[in-house]
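Me: Hi! I'm new to this one, could you walk me through it?

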Amino acid sequence: MREEIKKKAEKYVKSLIEKGENQQLDFKFEISDARKIAKTFSAFANTDGGKLLIGVKDNGKISGVRSEEEAYMAESAAQIYCKPEVEFNLKRWEVDGKSILEVDIPKGKSKPHYAKDEKGDWIAYVRVGDQNIKANRILVDVWKREQNRNGVWLNYGREEKTLMDYLSQNEKITLSGFVRVARTNRMRAERILVKMVLMKVIKLEVTDKSVYFHLNPLNT
């Protein structure tokens with residue numbers, strides 16, 4: 001019975017590794033700095049949640065956990081270097097005679113979750129593919145406003161009409177593009193985009209290159 005459980009555990013972990021690093025899976029050879037791992041905690045919590053396998057190299061090779069302290073460092077990353085604290089579940093697996101830690105991070109309920117960097121600054125991250133990317137101000141503002149659950153008031157004026165006209169003819173636009181076509185300032189453009197995302201008139205797409213805004217299909 002014990003051998004059967006062990007085989008199931010090994011099969012489970014190896015099936016995860018075979019998927020490779022992706023939107024909801026990250027590998028770490030070791031945790032040597034709780035602050036660095038906090039970025040991954042923040043990104044997973046702010047996006048779709050995910051799993052972190054500690055003791056696995058980037059190429060998927062199982063190296064095993066090098067120190068018992070790594071479990072405590074994962075806890076420090078979530079509780080000390082993330083604000084608000086990121087929830088997680090920790091499991092230990094034995095695979096090919098080596099110990100692996102699985103950190104399961106659910107999608108956060110109190111976004112944005114910030115991670116403290118080396119300079120002491122609190123920065124929110126988002127997961128894009130297998131990368132942790134700094135969330136821009138518009139995305140952070142959308143998260144904050146969603147938590148407040150207050151109504152959104154939008155004055156449909158020249159800039160808003162220009163944006164809708166542009167997106168009816170083009171697939172997407174960036175913040176800089178909106179500033180340019182609407183001939184408005186960046187701060188006002190940000191406020192308009194935040195409100196229109198919250199109202200689900202447009203939708204926001206984060207890529208590894210930029211943040212794009214699309215016309216929401218529900219409004220076409």
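Predicted model: local features only at pLDDT ≥ 70, side-chain atom pairs only at ≥ 80, totals over all residues.

Me: OK, and which strand does tryptophan 122 lie in?

Reply: Tryptophan 122 is part of strand S7.

Me: What is tryptophan 122 in contact with, leaving aside neighbours within four places in sequence?

Reply: Its contacts are Ile80, Tyr81, Cys82, Lys83, Tyr114, Ala115 and Lys116.

Me: Let's go inside. Which residues touch the most other members in the largest nonpolar core?

Reply: Phe41, Val86 and Ile105 do, in a core of 23 residues. Two or more residues each come from helix H2 (34-46), strand S2 (50-54), helix H3 (69-79), strand S5 (98-105) and strand S7 (122-128).

Me: Which of them gives the most to this core?

Reply: That is H2, with 7 residues.

Me: And what does phenylalanine 41 touch, not counting residues up to four places away in sequence?

Reply: Quite a list: phenylalanine 41 touches Leu52, Ala74, Ala77, Ala78, Cys82, Val86, Phe88, Val103 and Ile105. Apart from this core lies another one, of 22 residues, including Ile138, Leu167, Leu193 and Ile202.

Me: Why would nonpolar side chains be buried together?

Reply: In soluble globular proteins, that is how nonpolar side chains tend to be arranged.

Me: Changing topic: how many salt bridges does a search of the whole structure find?

Reply: The search finds 13. In one of them, the side chains of lysine 51 and glutamate 102 meet at 2.9 Å, N to O. This pair links distant parts of the chain, with lysine 51 in strand S2 and glutamate 102 in strand S5, 51 residues apart.

Me: Is glutamate 102 buried or exposed?

Reply: Glutamate 102 counts as buried, because its relative accessibility is 2% and the cut-off for buried is under 20%.

Me: What about the salt bridge of glutamate 159, which residue is the partner?

Reply: Arginine 158, with the closest N and O atoms 3.7 Å apart. Glutamate 159 is buried at 9% relative accessibility, whereas arginine 158 is partly exposed at 47%.

Me: Where do aspartate 165 and lysine 161 sit?

Reply: Both are in helix H5 (residues 158-169), and they are 4 residues apart, so about one helical turn separates them. Aspartate 165 is partly exposed at 38% relative accessibility, and lysine 161 is partly exposed at 42%. Elsewhere, salt bridges that share partners join Asp26, Lys28 and Arg127 into one network.

Technical notes
Residues numbered from 1 in each chain as written. Heavy atoms only, no water. Core = buried A, V, L, I, M, F, W, Y, C linked by side-chain atoms within 4.5 Å. Buried < 20%, exposed > 50% of the residue type's maximum accessible area, 1.4 Å probe, protein only. Contact = heavy atoms within 4.5 Å. Salt bridge = Lys/Arg side-chain N within 4 Å of Asp/Glu carboxyl O.
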